[in-house]
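Have a look at the sequence and the fold before reading on.

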Amino acid sequence: MVEVNLSLLRRRLLNWYRINQRDLPWRRSDDPYNIWISETMLQQTQVKTVLPYYARFIDAFPTLQALARAPLPRVLRLWSGLGYYRRAENLHKAARRVVAQYGGHLPRDYELLRALPGIGDYTAGALLSIAFDEKYPAVDGNVRRVFNRLFNANGDAAVRGIASKLAQTSQPGNLNQALMELGATVCTPREPRCGDCPVTSDCRSRDRLGQRQSAQQRPRANFRDVTWPLAIVKYHGKILLRRRQADGLLAKLWELPGAEIARMAKPEVAIRKELRPLAVAGLRPQHLGELRHSITDRRIHAPVLLYRWPLKKRLPPGWRWILPSQLHRYATSSMTSKAVKLLIEHEKSPI
């Protein structure tokens, strides 16, 4: 790494951030709780996706104490569609622990923060610097990319060393946010806008960064294509939901019966297996359509099959009849919401 004037670099970043920062709701607050919620929601999620969820979440749980008092199903319901639901469960667990152990106030200590569920190195650094004005680095994917290009810094130790030095300023929170903002809006993965960068004169990569090369440098996600049929089971205007297990993918969410299947498996056969706990056989489905969806590393092709239930049966634990209009009251995945929307559209204009 070539040495640069860190003091000058800080001034350029802070001046640029003061003028160019996006007007985001969590930046209008100095409440550590609000900052914590925003940083958790922003993990692996774009700002434009987070904005409406953040507004609803803060409206429903305006304080850490309110979040701690809330039942987990309500917290998950407010999170529905945002993905990575373990984040919501960890927020709830951490809020209850903070109330029990720290009087409802997030601790200003790195080790104590790291010990809370769901708070890793980045979130602890972001909270300490942004909420408490402590001189801690906060290294996310955007910052790591900026340092890789700016300093030719490779490896966690090198990146964190630079970040720690830069954080030694009277405005550590703004400095960390400036770096994140730079990576999110200017030093982007595919098309970096080097002409708009406030530190381009110090950048070790400015002569080799072009749109094509930048695109090649971005690691490609390893997605796998899967088939995941869904069953809409209908009886007297109601549809059937079941609740997923407490661990694994989409833990504790309500969903339409379905599952990821092997490549050569038939959706109808797989659905019969999923509906086996209801002890009704011989139903023939109507094919409503197909959905495309993504969850973590899966690109999902989801055939949606409609079953008309012949009789009312006693449901086993974890199953429930609901009206389609009541779906918003349950914590569900986006895939289930898409399938129910398909049903509603089908019934408005039946073929």
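## Helix α3

Which residues of α3 are buried? Keep in mind that this is a predicted model. The buried residues of α3 are Val 47, Val 50, Tyr 53, Tyr 54, Phe 57, Ile 58 and Ala 60. They pack against α2 (32–41), α4 (64–69) and α5 (72–79).

Now for the helix itself. Helix α3 runs over residues 47–60, and at 1.5 Å a residue its 14 residues should span 20 Å; the C-alpha atoms at its ends are 20 Å apart, so the two agree. There's still a bend along the way: α3 has a kink of about 25°, centred on Tyr 53, which is also on the list of buried residues.

## The nonpolar cores

In soluble globular proteins, nonpolar side chains tend to be buried together. Here the largest nonpolar core has 99 residues, and Trp 36, Phe 57, Phe 61 and Phe 147 touch the most other members. Of these, Phe 57 is one of the buried residues of α3.

A second, separate core holds 12 residues, including Ala 231, Tyr 235, Leu 278 and Trp 321.

Back to Phe 147: leaving aside residues up to four places away in sequence, Phe 147 touches Asn 152, Ala 153, Val 159, Ile 162, Ala 163, Leu 166 and Leu 179.

## Out on a loop: Asn 154

Asn 154 sits in the loop between α9 (141–151) and α10 (156–166). Is it buried or exposed? Its relative accessibility is 57%, and the cut-off for exposed is over 50%, so Asn 154 counts as exposed.

The side chain of Asn 154 makes a polar contact of 2.6 Å with that of Asn 148. Leu 275 lies 121 residues from Asn 154 along the chain, and their C-alpha atoms are separated by 51 Å.

Definitions and conventions:
Residues are numbered from 1 along each chain as its sequence is written. This is a predicted model: local features need pLDDT of at least 70, side-chain atom pairs count only at pLDDT 80 or more; totals for chains, interfaces and linings use all residues. Side-chain values use heavy atoms; hydrogens and water are left out. A nonpolar core is a set of buried Ala, Val, Leu, Ile, Met, Phe, Trp, Tyr and Cys residues joined through side-chain atoms within 4.5 Å. Buried means under 20% relative accessible area, exposed over 50%, partly exposed in between (1.4 Å probe, protein chains only). Contact means heavy atoms within 4.5 Å. Helices (H or I, at least four residues) and strands (E, at least two) are DSSP runs, numbered from the N terminus. The expected span of a helix is 1.5 Å times one less than its number of residues. The bend at a residue is the angle between axes fitted to the seven residues ending there and the seven starting there. A polar contact is a pair of N or O atoms within 3.5 Å; within protein, one must be able to donate a hydrogen and the other to accept it, and residues adjacent in sequence count only if both atoms are side-chain atoms.
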